[in-house]
Amino acid sequence: MLSTGRFLRTSITLSRLPPVGRLGCSPGTQRAVSCYRSDNNSCSSILLSKRGLRTASWPMPTLADRSNLFMATGRVVSVVSVGQPGILKRVHLSIFRRSTSTTASEAVASGHGRRTVDAPIVGYWTLFCASMVFGIIVWGGLTRLTESGLSIVEWAPITGAKLPTSDAAWEAEFEKYKQFPEYHKVHIGITLDDFKKIYFMEWFHRNIGRLFGVVYLVPAAYFVSKGLVSRAGIAKIGGLGLLLLGQGAMGWYMVASGLEKELGERPDAVPRVSQYRLTSHLSLAYLLYAGLSLYGWNVFRANRLVNKKIANPEVLRALLQEPAVVSYRRKITAATLLVGTTCLSGAMVAGLDAGLIYNEFPAMGLGITPPLSELWSQHFARGDPSAMWRNLTENPATVQLGHRILAMTTFFTLSALWWQGRKLPLPRAARITLHAMYGLAWMQVALGISTLVNFVPIVYASAHQANSVLLLASALGLYHSLRPLPRLVL
Ligand code: HEM
């Protein structure tokens, strides 16, 4: 992706070269040439560098008219004519000889050299992957809420993909489960049929994770090998792939924390996964979701720009550079981070089962907050006076209060931004997303309070979790729709 600014500097240098077709270069050479085509009164420059070839063309009288510029990158296959009026066309054909079209936009989108814009199919694929992550998050929440997450006590990434097929195999799995504290403290005396139900929940969660791995990696390899992804796209796909691998490993690391034998030995210990690891697992899922969505939206936007499907790009570009809009975008960025932080604090609440205390709102016990002695208790410092901070992450009352404070701050921030955004000249997509975000913020608060006052019923808690992903998506979507339009000069 090259900017017009950079290009213009290049072309000014080039235009000092003799104006009429002086072209002489061979594949791979580093050379600049310029050529004036008298037949259609256009001026063109070609810059050959080690990285490939760039061309630019504009009608002669309106050199400053940026919308007439086009630029492409590619490898020079052959340059045959020197000094002929039709020279530019011939170079184009050489570079994009695989292309069936001769328009500049299509050339960039399907050129022989490394493309600068990912193909639209890549966007459909990443958005499909994002929707899968959404489904996995919801199913993961249901697995936790039905206390099913610790039913499979081994990590077998390949062989674990199969459900036990015989009665003996089911019995063996059940026996293994009985060796761990959760059976004795939470599910004591459950029947084999009950065990099969909780086992299925966890097995399905792991298997949609496995399926996601295939749905991600196989098309990724295909798209890259077929040249449908830009260089920047390859880096993003690689980064998201690493995140995906990290997520799988983090999932098991989290489960392992709930299988520790010590949880059965200490009478006060609850056999559940560490809230830190649960939060990390959820954070990685949210990051993956956010990364995939942003990537997909970027691909669509770039393609719409390239294919001239954005009605008046220069007007939109100018609008997005308005100081008021730029300042608003910064606020939306901060608000998106705030939504993410609130989600993480919610995961801490879930990890500590802190939604099962103080089941009223806005009060917490006798006041608006519990007494300080409870919020800042020695008990959670475990005898170390310098470790009082543990109350922030291990004391259920403090963690719940933290989530309430963050949630209400988020809600009022989003409301204020909605109010401000209504009066700004935002693009249509941003305006729609803004209203959606505001509606989702109301829903999120309503669902959070309903979850709390009803002692965390599965339906409300799951809806609260699912809506948090949508809220985050809407904030990200708004941020995305306010980002400056990329300079895709063809
Ligand atoms: C912008 C507002 C909010 C956001 C973004 C948010 C986000 C979240 C998230 C992501 C979770 C973790 C869900 C899970 O892992 O299953 C959660 C849990 C929770 N939230 Fe919120 N929340 C918000 C507002 C509220 C409010 C206002 C309340 C009530 C006062 C609330 C009460 C809870 C409770 C009780 C849980 C634990 C549910 C469980 O154990 O599954 N939330 N929240």
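This is a predicted model: local features need pLDDT of at least 70, side-chain atom pairs count only at pLDDT 80 or more; totals for chains, interfaces and linings use all residues.

Reader: How are α4 and α7 oriented relative to each other?

Author: Helix α4 covers residues 120–145 and helix α7 covers residues 192–225, and their axes lie 10 Å apart. The angle between them is about 170 degrees. Angles over 145 degrees count as roughly antiparallel, and therefore α4 and α7 are roughly antiparallel.

Reader: Which hand does the crossing of α4 and α7 have, and which residues make the contact?

Author: The crossing of these two helices is left-handed. From α4 the contact takes V122, W125, C129, M132, G135, I136, W139, G140, L142 and T143. On the α7 side, the residues include M201, F204, I208, F212, Y216 and F223.

Reader: How many charged residues does that contact have?

Author: Nice one to check by class. The contact of α4 with α7 has 15 nonpolar and five polar residues. Its charged residues number one.

Reader: How are α16 and α17 oriented, and how many charged residues are in their contact?

Author: Here the axes are 8 Å apart and the angle is about 155 degrees. With the limit at over 145 degrees, α16 and α17 are therefore roughly antiparallel. Their crossing is left-handed. By class the contact has 16 nonpolar and 11 polar residues, and the charged ones number no residues at all: none.

Reader: What does the pair α12 and α15 look like in orientation, hand and residue classes?

Author: The axes of α12 and α15 come within 9 Å and cross at roughly 155 degrees, which makes α12 roughly antiparallel to α15. The crossing is left-handed. By class, the contact divides into 12 nonpolar, 12 polar and one charged.

Reader: Which residues are closest to the ligand, and which elements give two or more residues to its shell?

Author: The ligand is surrounded by 30 residues, and the closest are G346, G355, A407, G448 and A461. The elements that give two or more residues are α4, α12 (323–351), α15 (396–422), α16 (428–453) and α17 (458–481).

Reader: How does the shell around the ligand divide by class, and where does the ligand lie relative to the domains?

Author: The shell divides into 17 nonpolar, 12 polar and one charged residue.

Note on methods. Residues are numbered from 1 along each chain as its sequence is written. Axes are lines fitted to C-alpha atoms, for helices over the stretch in contact, and angles run from 0 to 180 degrees between N-to-C directions. Helices (H or I, at least four residues) and strands (E, at least two) are DSSP runs, numbered from the N terminus. Angles under 35 degrees count as roughly parallel, over 145 as roughly antiparallel, 65 to 115 as roughly perpendicular and the rest as oblique. A crossing is left-handed if the near helix is turned anticlockwise from the far one by less than a right angle, and right-handed if clockwise. Two residues are in contact if their C-beta atoms, placed from the backbone, lie within 7 Å. Ala, Val, Leu, Ile, Met, Phe, Trp, Tyr, Cys and Pro count as nonpolar, Asp, Glu, Lys and Arg as charged, and the others, Gly among them, as polar. A residue is near a molecule or strand if its C-beta atom, placed from the backbone, lies within 6 Å of it.
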